[in-house]
Amino acid sequence: MKKTNTYILAIESSCDDTSCAVLCNDKVLSNITATQHIHQQHGGVVPELASRDHQKNILLTVKSALKTANIELSQLNAIAVTQGPGLMGSLLVGISFAKSLALSLQIPIIPVNHMQGHILAHLINDGDNEIPKFPFLCLTVSGGHTQLVDVKSALNIEIIGSTIDDAVGEAFDKAAKIIGLPYPGGPLIDKHAQKGNPNKYKFANAKVEDYNFSFSGIKTSFLYFINNNLKQDKNFVTNNLQDICASYQKHLINTLLNQVKKIIVDKGYKNIAIAGGVSANSCLRADLKALENEFDVKTFVPKFEYCTDNAAMIGIVAYFKYLQNNFSDFDFVPITRM
Ligand code: KG4
Ligand code: ZN
């Protein structure tokens, strides 16, 4: 018999956030994240600097998560950690720490797929949130992934569409770089877009088959669009920043949601969720909600703290694995692409 309460400590270090959470069953007791700002000046994540900062922050983050949760190490039932996808050096820091802690406490270790974490964040029980019903469709949008996923149950998930080249987060970040905004540019494009006209500029759409996406062409067309306009007016970007951001953002969100609409019509999903860093985008959140007026569907957006990388989402996956005694040997290794 399982104890009534299962306490899991989860660690996430796949990219540039060192995060630690403590969960009691499906509830989050603490979720502490140390975000690395050092990458801003480099225009993107520098893997070696990320690993070093994880090494510096991990113990403090773990201690702080335990303290906030008011839980002792001796109360923990399992340690969860992100196995991938992510940066090799960053993943190694979290995994080595998690293995050592689990070994010293003599409790099981549970490796977790980061993308599954983004999706199952919808199953966290915050007391006041509605949880999507299986099977639900999840649009998973981050800096490294753009996927349409059929979530049949917590541990039975099938990818039914994905990007054939860049992720939508990259399309945000690279466009931001072109117009001189620092990394990560997605949130800044979102911010400037709020005061802009989304219908002012038009961009071409890439042709893709089935339920897949393509973003590399959109990014290139954005680069030409900016360069051509700068030739006529050297202040084009500064004078039109809000409209440029609003139009480009609308184009990306339409590209995402057109595929979602296609699947709703074809397959009849009733519950539609979004997950991953880009699910923090205000236009995506509003336009997803608007689908409820167009189709007979219910939509789900994650709380902001569960959009970008965090350990609570790793903890919830581990909780469902724990219920099935789905533990790992200690010889598992990071997987940079899963
Ligand atoms: O899930 P995440 O934190 O890390 C990965 O697993 O990749 O996602 C990071 C991505 C970045 O590309 C960032 O620009 C994007 O999420 N992002 C946003 C917003 N907030 C974060 N993109 C558009 N609008 C936002 N508000
Ligand atoms: Zn992520």
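Predicted model: local features only at pLDDT ≥ 70, side-chain atom pairs only at ≥ 80, totals over all residues.
**Aromatic helix pair and zinc site**

Residues are numbered from 1 along each chain as its sequence is written, chains are lettered from A and ligands numbered from 1 in the order written, and side-chain values use heavy atoms, leaving out hydrogens and water.

Phe 225 is buried too, at 15%. Both residues sit in helix α6 (residues 216-232), 3 residues apart, or about one turn of the helix (helices are DSSP runs of H or I, at least four residues, and strands are runs of E, at least two, numbered from the N terminus). Rings of Phe, Tyr and Trp (its six-membered ring) pair if their centres lie within 6.5 Å, with planes under 30 degrees apart counted as stacked, over 60 as edge-to-face and the rest as tilted. That gives 12 aromatic pairs. In one of them, Phe 222 and Phe 225 are tilted, 6.3 Å centre to centre with 40° between the planes. The two also belong to one aromatic cluster, along with Tyr 201, Phe 203, Phe 236 and Tyr 248.

As for the metal, His 114 (NE2), His 118 (NE2) and Asp 309 (OD) coordinate the zinc ion (ligand 2) at 2.1 Å. Donors here are N, O and S atoms within 2.8 Å of the metal (3.2 Å for Na, K and Ca); water is not among the atoms, so sites may look incomplete. His 114 and His 118 share helix α3 (residues 114-120). His 114 is buried at 6%, and His 118 is buried at 1%.

Technical notes. Buried < 20%, exposed > 50% of the residue type's maximum accessible area, 1.4 Å probe, protein only.
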